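Q: Hi! Could you walk me through this model before I set anything up?

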Amino acid sequence: MMNERLKQIRLHQNINLSQEAFGKRLGVTGTAVSRIEKGNRSPSEQIILAVCREFNVNEAWLRTGEGEMFRPITQNDLISKFIGDTLSGEPDFRQQLIGVLARMTPEEWNILERKVLELADGLQTSPIAEPPAAPQSQLSELVGKPAEPELAAVIPEGSTPEIEAQVARIREQLIIEASIRTSGASTPAKAG
């Protein structure tokens with residue numbers, strides 16, 4: 001029955017919403033969803049279409065139980081969802097990137113395509129090797145001070161030199177901030 005299929009959709013591992021949250025996505029209350037799932041009320045045509053649209057559900061499956069629960073997701077579906085999600089959110093890198101791509105000329109697209117293909121060919125012929133892990137003593141060389149045991153415990157064994165260098169930079173920044181706080185506390189305030 002359609003009410004059972006609606007509940008299946010709501011509880012599907014990729015959706016897994018409460019009746020309230022599911023209803024909100026469809027523009028109805030959680031109580032309305034509960035009534036439909038219990039078979040006390042039939043879903044309106046609007047709800048059926050909203051379920052199919054919001055959750056990519058195969059309408060034939062929802063109505064009859066025949067076929068697959070979800071429609072296959074096309075590349076256009078993915079792009080549309082990404083653009084919609086990106087534009088509805090706060091301005092961020094994704095919006096800036098889409099803006100830059102939108103202003104590209106056909107020639108720039110051709111150059112980008114050639115470079116991506118060049119990169120893909122290069123990756124297929126010569127995989128990038130991982131850099132060897134730096135010894136723990138390198139951390140103390142980077143900062144110029146012996147590594148403290150507490151800090152050494154934070155760095156996972158086999159870390160890359162980049163991770164160790166970043167930890168060293170953070171440690172150095174913490175030392176600087178601590179010395180500023182300490183010196184600021186011992187400096188008398190100037191009269192204004």
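**A chat about the chain**

Q: Let's begin with the surface: how much accessible surface does the chain have, and what share belongs to carbon and sulfur atoms?
A: The accessible surface is about 14,200 Å², and 57% of that belongs to carbon and sulfur atoms. Areas here come from the Shrake-Rupley method with a 1.4 Å probe, and for residues only the protein chains shown count as cover.

Q: Thanks! What ground rules apply?
A: This is a predicted model, where local features need pLDDT of at least 70 and side-chain atom pairs count only at pLDDT 80 or more, while totals for chains, interfaces and linings use all residues. Residues are numbered from 1 along each chain as its sequence is written, and side-chain values use heavy atoms, with hydrogens and water left out.

Q: How many helices and strands are there?
A: The chain has 11 helices and 0 strands. Helices (H or I, at least four residues) and strands (E, at least two) are DSSP runs, numbered from the N terminus.

Q: And what percentage of the residues is buried?
A: Of the 192 residues, 23% count as buried. Buried means under 20% relative accessible area, exposed means over 50%, and partly exposed is in between (1.4 Å probe, protein chains only).

Q: What about contacts between residues at least 24 apart?
A: They make up 41% of the contacts between residues at least 6 apart in sequence. A contact means heavy atoms within 4.5 Å.

Q: Now helix packing. At what angle do H2 and H3 pack?
A: H2 (residues 19-26) and H3 (residues 30-38) pack at about 105 degrees, with their axes 7 Å apart. Therefore H2 is roughly perpendicular to H3. Axes are lines fitted to C-alpha atoms, for helices over the stretch in contact, and angles run from 0 to 180 degrees between N-to-C directions. As for the wording, under 35 degrees is roughly parallel, over 145 roughly antiparallel, 65 to 115 roughly perpendicular, and the rest oblique.

Q: Which residues make that contact?
A: H2 brings Gln 19, Glu 20, Phe 22 and Gly 23, while H3 brings Gly 30, Val 33, Ser 34 and Glu 37.

Q: How do H6 and H7 cross?
A: The axes of H6 (residues 75-88) and H7 (residues 93-102) come within 9 Å and cross at roughly 120 degrees, so these two helices are oblique to each other. On the H6 side the contact uses Phe 82, Ile 83, Thr 86 and Leu 87, and on the H7 side Arg 94, Gln 95 and Ile 98.

Q: On to the loops. What is the phi of Asn 16?
A: Asn 16 has a phi near 45 degrees, a positive value in a residue other than glycine. Most residues other than glycine have a negative phi. Asn 16 sits in the loop between H1 (2-11) and H2.

Q: And Asn 56, is that residue buried or exposed?
A: Asn 56 is buried, at 14% relative accessibility, whereas Asn 16 is exposed at 54%. Asn 56 lies in the loop between H4 and H5 (59-64), and its phi is near 60 degrees, again a positive value.

Q: Where is Gly 67, and which residues does it touch?
A: Gly 67 is in the loop between H5 and H6. Leaving aside residues up to four places away in sequence, Gly 67 touches Asn 58 and Trp 61. With a relative accessible area of 60%, Gly 67 is exposed.

Q: Last one: how far apart are the C-alpha atoms of Asn 40 and Asn 3?
A: They are separated by 9.2 Å, although the two residues are 37 residues apart along the chain. Asn 40 is in the loop between H3 and H4 (45-55).
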